[in-house]
Amino acid sequence: MQIKAKIIGVGHALGEDVLTNSDLEKMVETNDEWIVERTGIRERRIAKADTYTSDLAYRASREALEDAGLSPMDLDLIIVATVTPDFLTPAVSCIVQAKLGADRAAAYDINQACTGLVGGLTMAQQFIENGKYRHILVVGADALSKVTDYKDRKTCILFGDGAGAVVVSRNEDPDDDSRIVAAKIGAVGSLGHNLTLPFLRMDEEEKAKRVSKDLHSLWMDGSEVFKFAVRIMAEAVKETLADVGMTVDDIDLLIPHQANTRIIDGAVKRIKINPDKVFVNLPKYGNMSAASIGVALKEAIDEGRVKRGDTIVLVGFGGGLTWGCTILKW
Ligand code: UT7
């Protein structure tokens, strides 16, 4: 019998402080009207100075394990998707493993930027379906405020901090059809230069792009990423549905990466899905990178928008540039 991989628990965490558009008006030359019209964002959650990505990831993980009814020792593997790790080594996943006391679990981080949670789910599906593991924790966590150039009005209005976590487990119940139906990921490395966050590569070209000349900050060509995002999210959804013989009409809820309401609207038009079936919480949080989709999934569940038997589609894009789509039967 085919082993199915199923999400059995979801958790989330948010930065403690609120950064509003009017706060940003005091920091850079911008205004609430421009930000709302061009991005849809009204406020973001910012981690305190001593709260790091691993702290957000840990909080979300605890909530997901509780939701799943599992103990940390049940976990076989922890995957954390992040581009803002506390350290390059140890990995955030290893810090989370230690804090949880998940001593049996292997742990590693992945870097697919905002696509990360979808990338982690793709791996978890493989490890579960091939029989290797029974319980996997997948976390998307980022504290982008720590790498945001608050002198650059083109980027600082966009980002917030958070974490979303899911527990993916083996479903051997023939009467329970809940599962990850399909997962597809991809990359267009030739467009990677449009969104950069240097680590070792501190060259003059990268320095010149940044308003504050701080190489520990993220830089982005917003309009290039925007074009990519609208196109790739639509293609990813259509192709992943087609792979398993499904159509847009089969979708009960679409949860896109929360980066910009205009990006979401553009993709929704191309996908030709009813906007009522699309979940958006971006105005409250801004773009939380790898955390966005997990936090949105958790809120959608809490709001009663995810019901047993529903088809839920997660779709993301991000630095790399990368993209990914997951179809879930809930
Ligand atoms: O998760 C993946 C990461 N990235 C993204 O998803 C971001 C994708 N891109 C975007 O969301 C949009 O491109 C932005 C919101 C970043 C920018 O919106 P846009 O409509 O592409 O604006 P633009 O960059 O073309 O700028 C238009 C004008 C410019 O002025 P000029 O040159 O026409 O005089 C900007 O300088 O708006 C100006 N501008 C601002 N004005 C007020 C840029 N940022 C601001 C600002 N406040 N914060």
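**View 1. Ser61 and the residues it touches.** Not counting residues up to four places away in sequence, Ser61 touches Val96, Leu100, Leu137, Val139 and Ala165. The model shown here and in the other views is predicted. Ser61 is found in helix α3, which covers residues 53-68. Its relative accessibility is 0%, and buried means under 20%, so Ser61 counts as buried.

**View 2. Helix α5, its span and its covered residues.** Helix α5 consists of residues 116-129. Its 14 residues, at 1.5 Å a residue, should span 20 Å, and because the end C-alpha atoms are 20 Å apart, the model agrees with that expectation. The helix is mostly covered, with ten of its 14 residues buried. An α-helix has 3.6 residues a turn, so residues three or four places apart point the same way. Just after α5 comes Gly131, which takes a positive phi of about 85°.

**View 3. Val237 and its contacts.** Val237 is found in helix α7, residues 222-243. With a relative accessibility of 0%, Val237 falls under the 20% limit and therefore counts as buried. If neighbours within four places in sequence are left aside, Val237 is in contact with Ile251, Leu254, Ile271, Val313, Val315 and Cys325. For Asn287, the C-alpha to C-alpha distance from Val237 is 20 Å, and the two residues are 50 residues apart in sequence.

**View 4. The crossing of helices α7 and α8.** Two packed helices are described by the angle between their axes and the distance between the axes. Here the axes of α7 and α8 (residues 261-271) come within 8 Å and cross at roughly 40°. The two helices are therefore oblique to each other. The crossing in which α7 passes α8 is right-handed.

**View 5. The residues where α7 meets α8.** On the α7 side, the residues that meet α8 are Phe226, Ala229, Val230, Arg231, Met233, Ala234, Val237 and Lys238. On the α8 side they are Arg262, Ile263, Gly266, Ala267, Arg270 and Ile271. By class, this contact has nine nonpolar, one polar and four charged residues.

How values were computed: Residues numbered from 1 in each chain as written. Predicted model: local features only at pLDDT ≥ 70, side-chain atom pairs only at ≥ 80, totals over all residues. Heavy atoms only, no water. Helix = DSSP H or I, 4+ residues; strand = E, 2+ residues; numbered from the N terminus. Expected span 1.5 Å × (residues − 1). Buried < 20%, exposed > 50% of the residue type's maximum accessible area, 1.4 Å probe, protein only. Contact = heavy atoms within 4.5 Å. Axes fitted to C-alpha atoms, helices over the stretch in contact; angles between N-to-C directions. Parallel < 35°, antiparallel > 145°, perpendicular 65-115°, else oblique. Left-handed = near helix turned anticlockwise from the far one by under 90°. Nonpolar A, V, L, I, M, F, W, Y, C, P; charged D, E, K, R; others polar.
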